Amino acid sequence: MSFVKLEICDEIAVITIDRQKALNALNKQVLNNLENVFKSIDVNQVRVVILTGAGKKAFVAGADISEMHKMNFMEGKEFSKYGNGIFRRIELLSIPVIAAVNGFALGGGNELAMSCDIRICSENALFGQPETCLGIIPGFGGTQRLSRVIGSLSKAKELIYTGKTIGAQEALRIGLVSAVYKQEDLLERALEMARNIADNAPIAVKHAKYAINYGREMFMKDALDIEAIEFAQCFETADQVEGMDAFLTKRTDRNFMNK
Ligand code: CAA
C-alpha cells in the first residue's frame with residue numbers, strides 16, 4: 001500500500017500524500033513512497049507537478065514524531081540525510097513543482113513545501129517549524145531554506161527559535177506563499193497555475209528553473225554566467241522559433257512542441 005498517490009492529466013501530475021490518520025505525517029514509508037513517485041515522473045511528458053495533502057486538515061504535519069522519539073545520533077543523521085535527499089530531488093526536479101498547502105504545514109511539512117518552486121495555500125493553512133518545542137531542530141532543510149525563501153534571516157530565526165505557527169495571511173505577508181484561496185478552490189487554482197505554466201515553452205521553463213535554482217547558490221558573477229548559458233540554449237530549440245514567430249506574425253495559436 002502506498003501513502004502517496006499520483007494522477008496525471010494533460011501534462012500535469014498531481015501528487016497527494018494520504019496518511020490522514022496521522023495528518024499526513026512523514027514516516028519512513030511515506031518518504032519512501034514520495035521518493036518513488038517523484039522518481040517515476042517522466043519530465044519529458046509531464047510539464048508541472050502539483051503536490052498536496054489528502055483531507056481538509058493537513059498538508060503534512062511534519063516528520064513522524066513516534067518514529068523519531070527513540071532515535072540516536074546515527075539514526076537522526078541518517079533520517080535527516082534521507083529526507084534531505086528526497087527534498088533536494090524535488091527542489092532540483094527539472095520541471096516546476098507547486099505546493100498546494102491545504103492545512104497544517106509544520107516542521108517537515110513546511111520544509112517539504114519549501115522544497116517546491118511555488119507555494120499557494122488555503123485559508124486554514126498553518127505554517128511553522130515547531131521542532132525546538134520537541135527538543136530538536138528542523139532536519140529536512142528548514143534551517144537553510146526558510147531564510148532563503150522568505151528573504152529574512154531575522155524572521156526565519158524568530159520562527160525557528162520560538163517554534164510559533166503562523167496562519168495563511170501572515171505566510172502571504174512574509175512571502176512564504178504566493179497566494180491564499182478558499183479551501184474548496186485551492187486545487188483548481190493550483191491546476192490553473194499549472195496549466196498556465198504548461199502552456200509556455202517547456203524547455204524554456206526548465207532552463208529558467210535551472211538558472212534560478214543553481215544561480216542563487218553562487219556569486220552573482222557566476223550566476224549570471226549560468227543565466228547566459230541557459231538563455232543561449234533556448235536558441236537551439238524549435239519552441240524559441242515558434243514563440244517569437246507567433247509574436248512577430250501576431251498569431252495567438254502558439255504551439256510549443258517541447259523541442
Ligand atoms: N507525527 C506523528 N503523528 C502525528 C504528527 C506527527 N508530526 N502530527 C499529528 N500526528 C497524529 C497525532 O498523534 C494524532 O494521532 P492519534 O489520533 O493516534 O492520537 C493524529 O495525528 C491527529 O493529531 P491531533 O489529535 O494532535 O490533531 P489536532 O488537530 O489536535 O492537532 C496538530 C493538530 C497541531 C498538527 C498536532 O497534531 C501537532 O502539533 N502535531 C505535531 C506537529 C509538529 O510538531 N511537527 C513537527 C515534527 S518534527 C519534524 O518535522 C522534524 C524535521 O524537520 C524532520
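User: Which residues count as nonpolar, and which as charged or polar?

Analyst: Ala, Val, Leu, Ile, Met, Phe, Trp, Tyr, Cys and Pro count as nonpolar, Asp, Glu, Lys and Arg as charged, and the others, Gly among them, as polar. In this predicted model, the lining of the largest pocket divides into 14 nonpolar, seven polar and three charged residues.

User: What is the volume of the largest pocket, and which residues are closest to its centre?

Analyst: The volume is about 460 Å³. The lining has 24 residues, and Ala63, Met68, Glu131, Ile136 and Ile137 are the closest to the centre. Two or more lining residues come from each of α2 (65–68), α3 (73–92) and α4 (108–114). Helix α3 gives the most, with three residues.

User: How does the second largest pocket read?

Analyst: The second largest pocket has a volume of about 310 Å³. Among its 16 lining residues, Cys116, Asp117, Lys209, Ile212 and Asn213 lie nearest the centre. The elements that give two or more residues to this lining are β7 (118–122) and α9 (202–215), and the largest share, five residues, is from α9. By type, the lining of the second largest pocket holds nine nonpolar, two polar and five charged residues.

User: Which residues form the nonpolar patch on the surface?

Analyst: Phe231, Phe235, Met244, Phe247 and Leu248 form the patch, with about 620 Å² of accessible area together. Helix α11 (residues 238–248) supplies the largest share, three residues, while Phe231 lies in helix α10 (residues 220–234).

User: Why is Phe231 called exposed?

Analyst: A residue is exposed when its relative accessible area is over 50%. Phe231 has 54%, so Phe231 is exposed.

Conventions
Residues are numbered from 1 along each chain as its sequence is written. This is a predicted model: local features need pLDDT of at least 70, side-chain atom pairs count only at pLDDT 80 or more; totals for chains, interfaces and linings use all residues. Side-chain values use heavy atoms; hydrogens and water are left out. Patches are made of residues with over 30% relative accessible area and no salt bridge: like charges are joined within 9 Å, nonpolar side chains (Val, Leu, Ile, Met, Phe, Trp, Tyr) within 5 Å. Accessible areas come from the Shrake-Rupley method with a 1.4 Å probe; for residues, only the protein chains shown count as cover. A salt bridge is a side-chain nitrogen of Lys or Arg within 4 Å of a carboxyl oxygen of Asp or Glu. Helices (H or I, at least four residues) and strands (E, at least two) are DSSP runs, numbered from the N terminus. Buried means under 20% relative accessible area, exposed over 50%, partly exposed in between (1.4 Å probe, protein chains only). On a 1 Å grid over the protein atoms alone, a cavity is a set of points where a 1.4 Å probe fits but cannot get out, and a pocket is an open set with protein on both sides within 12 Å along at least five of seven lines; lining residues have an atom within 4 Å of a point. Grid points are joined across faces, edges and corners, and a volume is the space filled by probe spheres set on the points.
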